[in-house]
Amino acid sequence: MDQNISARIDRLEEPLQEYYRRIIRKDSDKRDVKQALESTLKKMLEFINERDKLFANYFILVGSVADGTKTEAVNELDVLVPLQMGKLKVAPVDHHLNLFRVHEHVGGEWRWISHDGTILRLFNLVEEYKELYYKHDHGFQVTKKKVLASALRLMINWISIDMVLCVENALSFSDVKWPFPSWLCGKSKWLSYEQQEQIKSIGIDVTCNGLYWRPSFSRIDAFVFGEVDGKGGYRKKAFKILKSLNSYYWTVDQLCSDYQGKTKPFLNSFFIKILYLHTREKYPEPHQWNTLSKSFCNFLDVLNDCCNQKCLYHYYQADVNLFERVADKTFLWLQGKIHNILEDPENELD
């Protein structure tokens, strides 16, 4: 490695360690909070399942709490609620496989599964459960379902919970074969062949998206981040710092001075996880992650490559560029952020 590059990386170590200590909050009660919420959800879904067998009596915890990349105290949970149906037919709406229709065979005919009507059934059952067991508990609330809402939002012990309906391994009910990319077909540099096969065997779920259903990779993410790369070491610490910077300093309103909407990170949570996975492909060896500064620079290097190429390939689907609609000025803006951190880390991470 060039001595100048090595010195620049080494210079990052202390500012990154200080940023992690100061900004990335550690909640000592996180595990207890998570366990208490999971227990409440489990009891509620068992109650719901007894009254309506459409809804499974279990849930699937997904998102940053599930995969260990949460950068703050637990303030929200994302859970999938699987639907239990008999004979299904799942068909794509478009050739890009962005949206699907789901039909169930009932009474000798195919019936389109309406997400809107299905989530209303769930809402009514949650309301019934609340009335029976949490009538006077202001810490348990359920948001009235909005038309075409993608999730049913609850508040339990003042923690926000998004309940998302899903069909597990939905393409097993379809003629569509999911187009996994080459690095999940025997050519990954960091995943073993067995792990690549296990990812494919998990299958592609679909979750509600208005009138239709969209592919979900949440269970695969939980496997890759939580089991395959669960310990993570400096990787996870560096990734949390990157997520934090993205959330607070790499936001759309900072990029666009005339932006009028709600502030949001330029890289959404899915994009930044995809960046993580591609970085693992480029840097597959343990010694390439043996310091916090080296780990952080690995992510910056891959992000800079993506800006140069104007491309971030989907990790779970072949030939999909997630940066296809990103403007040229955005790539220059991001590269400016990267340059500033490398040149003046004390100031940029202050």
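Mentor: Terms first. Axes are lines fitted to C-alpha atoms, for helices over the stretch in contact, and angles run from 0 to 180 degrees between N-to-C directions. Helices (H or I, at least four residues) and strands (E, at least two) are DSSP runs, numbered from the N terminus.

Trainee: And the ground rules for this model?

Mentor: It is a predicted model, where local features need pLDDT of at least 70 and side-chain atom pairs count only at pLDDT 80 or more, while totals for chains, interfaces and linings use all residues. Residues are numbered from 1 along each chain as its sequence is written, and side-chain values use heavy atoms, with hydrogens and water left out.

Trainee: What does the protein chain average in pLDDT?

Mentor: The average is 88, and 91% of the residues score at least 70. pLDDT is the predictor's confidence in each residue, from 0 to 100.

Trainee: Where is confidence lowest, and where highest?

Mentor: Lowest in helix H8, residues 252-255, with a mean of 67. Highest in helix H10, residues 292-309, at 96.

Trainee: Back to packing. At what angle do H7 and H9 pack?

Mentor: About 145°, and their axes are 11 Å apart. H7 covers residues 234-248, and H9 covers 269-282.

Trainee: Left-handed or right-handed crossing?

Mentor: H7 passes H9 in a right-handed crossing. A crossing is left-handed if the near helix is turned anticlockwise from the far one by less than a right angle, and right-handed if clockwise.

Trainee: Which residues meet there?

Mentor: From H7, Arg-235, Lys-236, Phe-239, Leu-242, Lys-243 and Asn-246. They meet Ile-272, Lys-273, Leu-275, Tyr-276 and Arg-280 in H9. Contact means heavy atoms within 4.5 Å.

Trainee: What does Thr-279 touch?

Mentor: Trp-289, Asn-298, Phe-299 and Val-302, not counting residues up to four places away in sequence.

Trainee: Which residues of H6 are buried?

Mentor: Ile-220, Asp-221, Phe-223, Val-224 and Phe-225, in a helix that spans 218-228. Their cover includes helix H3 (64-67), H5, H7 and H9.

Trainee: Switching to strands. How many bridges join S3 to S4?

Mentor: Five, and the two strands run antiparallel. S3 is residues 88-92, and S4 is 100-106. Pro-92 stands opposite Phe-100 in S4. Two strands pair if DSSP finds at least two bridges between them.

Trainee: And S4 to S5? How many bridges?

Mentor: Four, antiparallel again, with S5 at residues 109-112. Val-106 has Glu-109 in S5 as its bridge partner. The S4 and S5 hairpin has two residues between the strands, and Gly-107 there takes a positive phi near 60°.

Trainee: Which residues other than glycine have positive phi?

Mentor: Trp-158 is one of them, at about 65°. Asp-319 has a value near 60°. Trp-158 sits in the loop between strand S7 (152-156) and S8. Asp-319 is in the loop between H10 and helix H11 (328-343).

Trainee: Trp-158, buried or exposed?

Mentor: Exposed, because its relative accessibility is 57%. Asp-319 is exposed as well, with 74% relative accessible area.

Trainee: Last one, Pro-181. Where does it lie?

Mentor: In the loop between strand S8 (159-167) and helix H5 (193-202). Pro-181 is buried because its relative accessibility is 4%. Beyond neighbours within four places in sequence, Pro-181 contacts His-314, Tyr-315, Tyr-316, Gln-317 and Ala-318.

Terms used: Buried means under 20% relative accessible area, exposed over 50%, partly exposed in between (1.4 Å probe, protein chains only).
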